[in-house]
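These are my notebook entries on a structure I looked through. The sequence and the model come first, and my entries follow.

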Amino acid sequence: AFCFFTLSIVGYFVISLIHRNNYRKSKSCPDLESGEEKKPTIRTPNVSTLEMLLHCFCKLGLIMTYFYLCDRANLFMKENKFYTHSSFFIPIVYILVLGVFYTENTKETKVLNREQTDEWKGWMQLVILIYHISGASTFLPVYMHIRVLVAAYLFQTGYGHFSYFWIKGDFGVYRVCQVLFRLNFLVVVLCIVMDRPYQFYYFVPLVTVWFMIIYATLAMWPQIVQKKANGNCLWHFGLLLKLICLLACIYFLSYSQGAFEKVFSFWPLSKCFELNGNVYEWWFRWKLDRYVCTTYRPLRCTLKSDICIFQTYSIWASSCKNKAECNELHPSVSVVQILAFILIRNIPGYVRSVYSSFFAWFGKISLELFICQYHIWLAADTKGILVLIPGYPMFNVIVSTFIFVCVAHEISQITNDLAQIVVPKDNSTLLKRLLCIAGFFSGLLFFSAMQEQSRH
């Protein structure tokens, strides 16, 4: 990885210098006879695809160097987490005040529009970050509420992808590759640079697998989309049968650990889903939120009853004796919580017509924030807190948070730029790229197998 990024940086600067030199030569020279300088034609240097690609890898290489120095070299200290109620709830109050302060009118008022979902992702992600840095997982009621937030994120994933396929009817390879690239690019790079298994960043495998499940369910024959279903009501029944079959499979795999392990223990799938030599952790993560991605149906309820649902859940979470007992009931309970929140957020007309631009901004980079926290905000693979400025804990958090957010935003931009280059719309070119990517991962699997043999 170091050699690759070094070559990218050198290559970018060489090509950039050549292009700039050619651009200077193409500018008009002063007219010596008239003693006046001709006005140059306004031109911008043409940026080639190769230069854009190298520019992205150049920035990414510098960012990955920072990742490595923070969490693999012994350059910076790490400190332990100590949970207190004030360390969790006071920052929550701060961000809620900021979120309410920065409100704007929405462009559309339909339920779960883009601005509303970005806002939802944003405040959830900020709460999860505060939860991680404060070590609040030791406090069971907070742990259970955070579990609902993770389930809500997965619900949005399922809802968004289902809506796209249902409305657009686009089941092409280009769409699938775009989504898979945007979800997995950063994690694949970190797996190589930080020497961690894919399952270590468990949330990305979750959203990736659920995307593929939704895609396979809707893409398989018969393909049922909104345009077709509006012409004949029987198609709605066909879609319902598909979802029932999917729920039956989910139910079977969630209660049959042996069958689940057989599915995901085949090589090379096992290389993606094993952690510490087995797929138990993946099975546990997968079954925790197994129903939320397939939940999309209207629920008639009143605003007052929705608020009662939230209060009831909080009381139940506070009365749980241990995490195992709570996790057993969580898959069924979290669905009701999420649907209740959607109604509370959309029933009042004024609330539906505004959104928090503060939360929405963070929502657009929520995936990058979730992944980057592992190494450059937290440390020791999330077990501690990164110390850039020893002796000043508050100032250290402010500085490390600022850098962390800037890096996440930059990686989001890099991923979007690379997605346009690496995943072209032309099918023949896309097929060639897929073959190259398949060859790359085959090489990784080969070297991984050799490494395991040498260890044994």
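In which hand of crossing does H7 pass H12? I found that H7 passes H12 in a right-handed crossing, the near helix being turned clockwise from the far one by less than a right angle.

I noted the basis of the entries. The model is predicted, so local features need pLDDT of at least 70 and side-chain atom pairs count only at pLDDT 80 or more, while totals for chains, interfaces and linings use all residues. Residues are numbered from 1 along each chain as its sequence is written, and side-chain values use heavy atoms, with hydrogens and water left out. Helices (H or I, at least four residues) and strands (E, at least two) are DSSP runs, numbered from the N terminus.

**Helix pair.** I looked up the packing of H7 (residues 203-219) and H12 (residues 280-288): the angle is about 65 degrees and the axes are 11 Å apart. Axes are lines fitted to C-alpha atoms over the stretch in contact, and angles run from 0 to 180 degrees between N-to-C directions. Contact (heavy atoms within 4.5 Å) is made by Pro-205, Leu-206, Val-209, Trp-210 and Ile-213 of H7 and by Trp-282, Arg-285 and Trp-286 of H12.

**Sheet.** I found an open sheet of three strands in the order E1-E5-E4, with antiparallel pairing; strands pair if DSSP finds at least two bridges between them. E1 (77-79) and E4 (378-379) are the edge strands. Three bridges join E1 to E5 (residues 384-387), and Glu-79 stands opposite Ile-385 in E5.

**Cysteines.** I searched the whole structure for disulfides (cysteine sulfur atoms within 2.5 Å) and found zero.

**Backbone.** Most residues other than glycine have a negative phi, and most peptide bonds are trans. I recorded a cis peptide bond from Trp-221 to Pro-222, with omega near -5 degrees; Pro-222 lies in the loop between H7 and H8 (226-231). Leu-112, in the loop between E2 (103-105) and H4 (114-134), has a positive phi of about 55 degrees. Is Leu-112 buried or exposed? Leu-112 counts as buried because its relative accessibility is 8%, where buried means under 20% relative accessible area, exposed over 50%, and partly exposed in between (1.4 Å probe, protein chains only). Asp-195 also has a positive phi, near 55 degrees, but counts as exposed at 52% relative accessibility.
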